[in-house]
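I opened the model to look up a few local features and the surroundings of the ligands. The entries below follow the order in which I went through them.

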Amino acid sequence: MTPMSRAGYGKAAQCAVPHSAVARIPQRPLAPGEQFRFHFDMTKCIGCKCCVVACNEQNGNPAHINWRRVGEIEGGWYPNTQRLHLSMACNHCLEPTCLNGCPVDAYSKDAVTGVVIHSADICIGCQYCTWNCSYGVPQYNAERGVVGKCDMCHNRLAEGREPACVGACPEDAIQIEIVNIAEWKRNYAASANAPGLPSADDSLSATRITLPASLPPDTRKVDLNRVRPECPHWPLVFMTVLTQLSVGAFAAIWLLQVFGQQARLNIAALVSLAVGGLALGASTLHLGRPIHAYRALKMWKRSWLSREVLLFALFSKIAFAYAALLWLKFPGSRIAGGLTVLAGVAGVTASACIYLVRPRPAWKSKHTVAEFYLAGAMLGPLLAANIGLGARPWLIGAAVGAAGLQLLNLMVKFLWLVSSDAFELKASARLLSAQLRSLLLVRCALLVAGGIVLPLQAHGTVGLAIALAAAFCGEILGRYLFFVSVVPKNMAASYLSSQRVAA
Ligand code: SF4
Ligand code: SF4
Ligand code: SF4
C-alpha cells in the first residue's frame, strides 16, 4: 500500500470543524514518531450502539458482522453494582499480530497514520488472522470469502471528516487522537487495558481508554461464563490428519526400504501419495477464495501458513518422484524417500506452528506439536501394515507405541487445562468435561481400540483394516475437538448477544 501523505492529513485536519465542544479528530498534522489512535471514554458511553450501526452503514456490512462492537462489563456488590459499556473496534496496534501471520501480506500498517489496513482484494480468506488477534477484531465474511476489519475510516480522516462511529456517538465517547509512539510503548499498560479486554501486551494496543474513577475491583465481562464451542473448520480437520497420515506412511515405507524390505513399497507409496493429494485438496476448501490459493506462498519468510503450503507442496513433489522411482525400480529411490520424509516432517512442524498463537492459549503448547506428530506416527505404520509391507510386528509396535503416547498426551493436556489459572484454559477444560464430554470419551475409546487393542489382537487383514479405520476416526474426532474446544481471548460481548461477539 502506498503510505498516505502526512501533508494531506495536516491540511484536512486543520480544516476540520468539530461539531461539539470536544475535538473529535486531531486539529494538527501528525509529526514523525506519531500515529492516530482511538480514545474511548467509558464514563460517557451509554451503550446505545449508534457507533455500531454507523460503522455497519459506512462499510456496507450485514447486521451479524460488526467491525465496532459494544460489550458489557459489570462488578460490585448489591446495592453498589455497576454495569458499563465498552465500545471497541480495531486498536491499530503498534505490533499488530493480525499482520504477522497473513500468508499473502493483505495487512499493512500505514507509515504515516499508523492505521492497520486490510486489503480485501489481496485476502484469500484463510481466516488465519482471525486466530491471531487477541481482540477478535478481524471477522470473516462467508458471502464475500474474505476477512474485514475497521480501518479507522482513514479515507474520511484524509478529507478532514470524522470516522463514522466517532460522528454517530451522541455522547462524544469516541475520539481520534494523536499518540507519540515511543511514549505509548513506555506507558501503554496504564491506559490501554480495561476489565473485559485481553491484555494490551499481546500486540501493544494503541487505543486509550478512560475508565470511571470508582470501578468495582471485581469488574469483569458479562459473558464470562458463556463459553461455546468454536468453529470446527472441517476442511482443516481432514487436511491436517490426512497430511500427517501421508507423512507417517512415507516414513514407514522409507524405513522399511532402508532395512531391506522391497515388496509392495511401490503400492504403499502410491496410496500414501493419494492420501497426501486428498489432504491438499481438502485444504483449499477452507479458503474463501480458493482460486487465489497460489498467493499463499508469498510470505514464507514470515508466515507459518505460507511455510506450511510451501513445505507440503515440496513434500508432494518429492513424494511423487519417490513413488515413480519405486515403480520404475530406478536407482536413487532411497535418497528420494529420505527427502520425502524430511519435507513431510517439516510440513507437519509448520502445520503445528500455525496454531501456536497467543490469542488461543489452549493451542499454544507443546501438546499441539506432540498431537500432530503422534497422529502421523500412529496412522502411518497402521496404513503400511494394512498394505502388507511385511515387518508387521515392527509396524504394529510403532503404531501401538505412538497411540499410547497420544493417549498420554491427551491426558496430560487435559490436566494442564484443568489446573491452569488462565480463564481461557480453564474454560477449554470446562467445555471438554461438560458439553463435549461424550465426544471426548468416544475419541479416547477409538484411540485405545484402533491404536492399541485391535492392532495387538488382529491376526487377519480385516482386523487390521478395522483398526486403521477406528484409529483414523479417532484422530478426526480428536482434531475436531482441538478446533472446537479452544477458547480464544476476546473482548467483552453484550449480555444479550447470541454469539461470542458483541453488539
Ligand atoms: S486489534 Fe487486532 S486486528 Fe487490530 S491491529 Fe491489533 S492485532 Fe490487528
Ligand atoms: S489472507 Fe488470511 S490471514 Fe490474510 S487477511 Fe485474508 S484471511 Fe486474514
Ligand atoms: S455511540 Fe457512543 S455512547 Fe453509544 S455505544 Fe457507541 S460509544 Fe457508547
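Entry 1, a loop. I began with Pro79, which sits in the loop between β2 and β3; helices (H or I, at least four residues) and strands (E, at least two) are DSSP runs, numbered from the N terminus. The peptide bond that leads from Tyr78 into Pro79 is cis, and its omega is near 5 degrees.

Conventions. I noted that this is a predicted model, in which local features need pLDDT of at least 70 and side-chain atom pairs count only at pLDDT 80 or more, while totals for chains, interfaces and linings use all residues. Residues are numbered from 1 along each chain as its sequence is written, chains are lettered from A and ligands numbered from 1 in the order in which they are written, and side-chain values use heavy atoms, with hydrogens and water left out.

I counted 16 helices and 10 strands in the chain. Its C-alpha trace spans about 85 × 55 × 40 Å along the principal axes. Of the 503 residues, 55% count as buried; buried means under 20% relative accessible area, exposed over 50%, and partly exposed in between (1.4 Å probe, protein chains only). The chain exposes about 21100 Å², of which carbon and sulfur atoms supply 64%; accessible areas come from the Shrake-Rupley method with a 1.4 Å probe, and for residues only the protein chains shown count as cover. I also looked at contacts (heavy atoms within 4.5 Å). Among those between residues at least 6 apart in sequence, 74% join residues at least 24 apart.

I found Met152 with phi near 60 degrees, a positive value in a residue other than glycine. Cys153 also has a positive phi, near 45 degrees. Met152 is in the loop between β7 (146–148) and α5 (154–158), and the place of Cys153 is in the loop between β7 and α5 too. Met152 counts as buried because its relative accessibility is 1%, and Cys153 counts as buried at 12%.

Which residues of helix α2 (residues 50–59) are buried? They are Cys51, Val52, Ala54, Cys55 and Asn56. Their cover includes β2 (69–77), β3 (80–88), α6 (164–168) and β8 (174–180). After α2 comes Gly60, with a positive phi near 65 degrees.

I took a residue as near when one of its heavy atoms lies within 4 Å of the molecule. For the classes, Ala, Val, Leu, Ile, Met, Phe, Trp, Tyr, Cys and Pro count as nonpolar, Asp, Glu, Lys and Arg as charged, and the others, Gly among them, as polar.
- Ligand 1 has 13 residues around it, and Cys90, Asn91, Cys93, Cys98 and Cys133 come nearest. Its shell holds 9 nonpolar, 3 polar and 1 charged residues.
- Ligand 2 has 14 residues around it, with Cys102, His118, Cys123, Cys126 and Cys129 nearest. I read 11 nonpolar, 3 polar and no charged residues in its shell.
- Ligand 3 has 13 residues around it, of which Cys45, Cys48, Lys49, Cys51 and Cys169 come nearest. Its shell has 10 nonpolar, 2 polar and 1 charged residues.

I located Ser203 in the loop between α7 (181–192) and β9 (208–210). Is Ser203 buried or exposed? Ser203 is buried, because its relative accessible area is 2%. Leaving aside neighbours within four places in sequence, Ser203 touches Cys93, Leu94, Glu95, Pro96, Thr97 and Tyr135.

Arg443 belongs to helix α15 (residues 437–457). At 2% relative accessibility, Arg443 counts as buried. Beyond neighbours within four places in sequence, I list its contacts as Gln406, Leu410, Gly474, Glu475, Leu477, Gly478 and Leu481.

Gly338 lies in helix α11 (residues 333–354) and counts as buried at 19% relative accessibility. From Gly338 to Glu57 I noted 281 residues in sequence and 56 Å in space, C-alpha to C-alpha.

Leu328 is found in helix α10 and is exposed, with a relative accessible area of 52%.
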